[in-house]
Amino acid sequence: METQTPMWRDVSAKKKDMFNRHGVAMLNLKQVAQEFGCKDERTAKKELEALAVPGISVGRRVLYEVDVLAKVLVARRGMN
């Protein structure tokens, strides 16, 4: 029988994977599009708005926290 891992463990693994891949704790829209599997940034922006993921303004740029994105991606893909 296959046992399910707790959601927090999946989120932690996803967060570590994203951090190792990008090397930063906050991602720009291009990196978010890559994580979501979108072909462009406009589609990723629509996905972020639909999932109610808040962005953080850093100067003129808007960045997204890896922690929040990991939780959303795990919940969205049903990895829990």
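Trainee: How many bridges join β1 to strand β3?

Mentor: This is a predicted model, in which local features need pLDDT of at least 70, side-chain atom pairs count only at pLDDT 80 or more, and totals for chains, interfaces and linings use all residues. Residues are numbered from 1 along each chain as its sequence is written, and side-chain values use heavy atoms, with hydrogens and water left out. Strands (E, at least two residues) and helices (H or I, at least four) are DSSP runs numbered from the N terminus, and two strands pair if DSSP finds at least two bridges between them. β1 runs antiparallel to β3, residues 61–65, and the number of bridges joining them is 2.

Trainee: Which residue in β3 is the bridge partner of Met 26?

Mentor: The open sheet has 3 strands with antiparallel pairing, in the order β1-β3-β2. β1 (26–27) and β2 (56–58) each have a single partner strand, so one side of each lacks a neighbour in the sheet. In β3, Met 26 has as its bridge partner Glu 65.

Trainee: Is Lys 14 buried or exposed?

Mentor: Lys 14 belongs to helix α1, residues 7–22. Beyond its neighbours within four places in sequence, Lys 14 is in contact (heavy atoms within 4.5 Å) with Glu 35, Ala 70, Leu 73, Val 74 and Arg 77. Buried means under 20% relative accessible area, exposed over 50% and partly exposed in between (1.4 Å probe, protein chains only). The relative accessible area of Lys 14 is 11%, so this residue is buried.
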